[in-house]
Amino acid sequence: MMQTHKIPVFKSWVSEWLARSVIFSILMTCLFSFGLYSNPTAVMGFYGVQPADVQYGMVVIYGSTVAFLALDFRIVKYFTPRKYLLMALAVNVSCALLCFHLKSWPVFIVSQFIQGVTCAVLSGIVLNLTFPRLNTTRARVIGYTILYGGIQVSVPLYAIYASAVLYFFDYNWLFYGLVIMLLILALIIMLTMNGRARFFKRMPLYQVDWLGYLFYVSFILTLGYILVYGRQLGWLENPAVVLLCLADLLLLLLFVSRQRKLKRPLINLQILRTKNFVIGLLLLFTFYIFKGSTGLAYGYLENILGNTPVNTIPVWLSVIAGTILGMFVVSRFILQGFNLVNIIVAGFLIMASFYVYMLFFVSVRGETADFILPMFIYGLATGVLFVPIVSFTTSAAAPKIAVNASLLGIWARFTGFTASLAFNNELQLYIKSGISEKVREVVTETNALLPVTLSGIRQKYSNAGSDLYTANAVSAADFNFFLRQQMLARVTRDYYDWMLVGVAGVILLLLVLPRVRNVVLRLRKENIPY
């Protein structure tokens, strides 16, 4: 009798292309929960929460996924893939149904944590299904490209889906759509996968570092809470934030101490002794800082140009097109042996061109069509950067501990994403306060242009048939709205000015550090990236 870990995962009648389609469907479905945040205004309106609460919801599902992936590396060796997948889908459906029937923010947050775990399970299965099937370097590069391309385009793709649903229905129906999608995927899995097949020989769940996982996930979620709510709470001026920082530091020390003592640690931290690997982590962190800079662009489209989510669909489509093109082009360059650092520098140069475009074209007057090109450039930059940075990071690691490179790599991506939320909030507040001060200095009653401007606005409403009282009230409101638009446009330009300086600094560092240019691309079959 054939050993179970040698039985094909897919049934004999399933073609290779059908198997690949099923794998990609699992990947895109596991990312659906992240699409629930594609319209933060809808989330705030439905649950009655603040912007920081929505941001922390994203942190919870992302952090839960990151933490459980480290544990999943062991658990996947115990269950059969089909059973493991169906268990995760059943839990995900249960969470979606709870959210559908209970309009409760605490229930939603707890469900997001659980759905983060199921996302990690589904992602782990996808990775174990994908990379062992790729026997050549060319196939593995293409596998990296499709995997990370799917991850990158999932956000704008589900934003388009959410916009279409929310145009006709309320937010609750997104959960209904998720349930339908999960049930269809479960049926496909039952039809195409062998129930007895395994990836590995069955390994009992002994010496699994459950306590280390508890330390790790607590550290991640506490760090996210500090970064998201820190400004709102007053940072270190608030004793609660100080206590949270001390608790998070203690959790980190306990986790590191435990990992160094265990024979089978959750994450082998010895990999941090590799200098180029640490540089790779910093690049991933920095990349996600810049990747998070589009929030202000979407805010500009909504608040100044008056776009609805449906009107923004062409912009999202341009991001998807740019990402796909960037991924395709960069895979060809990698296969032809181009230096990874040179490709990364080129990607950051493309990102810089996006910031330059935004500096020149952001104003209170504009059209949505004007921003299709820059968002395409942004998508192109992310497509060019992602695979080379991940490849650079994993290639710097020793073969025996390469899986830990992937686990720390996804942690760096999460930390960069969370830090970008805090950094963007802080930088925007700093810029906005400076601009508000300048406005207060200029727009005063002693300014001779102020009464002239108000009189012109008032005359416009009087000519339209408004009485004197209404014209006075509306002219003041109109003037204040105009000022807010001007301030937001200036904040957006100044913000991208800072981003441009940051990108230039990263490019300069990459050019002057000779050590990073010596990394050789090594995409091993046994190395499964995250």
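Student: At 3% relative accessibility, does Phe32 count as buried or exposed?
Tutor: Good start! This is a predicted model, where local features need pLDDT of at least 70, side-chain atom pairs count only at pLDDT 80 or more, and totals for chains, interfaces and linings use all residues. Residues are numbered from 1 along each chain as its sequence is written, and side-chain values use heavy atoms, leaving out hydrogens and water. Buried means under 20% relative accessible area, exposed over 50%, and partly exposed in between (1.4 Å probe, protein chains only). At 3%, Phe32 therefore counts as buried.

Student: How many aromatic pairs does a search of the whole structure find?
Tutor: Rings of Phe, Tyr and Trp (its six-membered ring) pair if their centres lie within 6.5 Å; planes under 30 degrees apart are stacked, over 60 edge-to-face, and the rest tilted. With that rule, the search finds a total of 41.

Student: What kind of pair do the rings of Phe32 and Tyr161 make?
Tutor: Their centres are 5.6 Å apart. Their planes meet at 65°, so the pair is edge-to-face.

Student: How many residues apart are Phe32 and Tyr161?
Tutor: Helices are DSSP runs (H or I, at least four residues), numbered from the N terminus. Phe32 is in the loop between α1 (16-30) and α2 (40-47), while Tyr161 is in helix α6 (residues 137-168). This pair links distant parts of the chain, and the separation is 129 residues.

Student: Does Tyr161 count as buried or partly exposed?
Tutor: Look at its relative accessibility, which is 30%. That value makes Tyr161 partly exposed.

Methods: Helix = DSSP H or I, 4+ residues; strand = E, 2+ residues; numbered from the N terminus.
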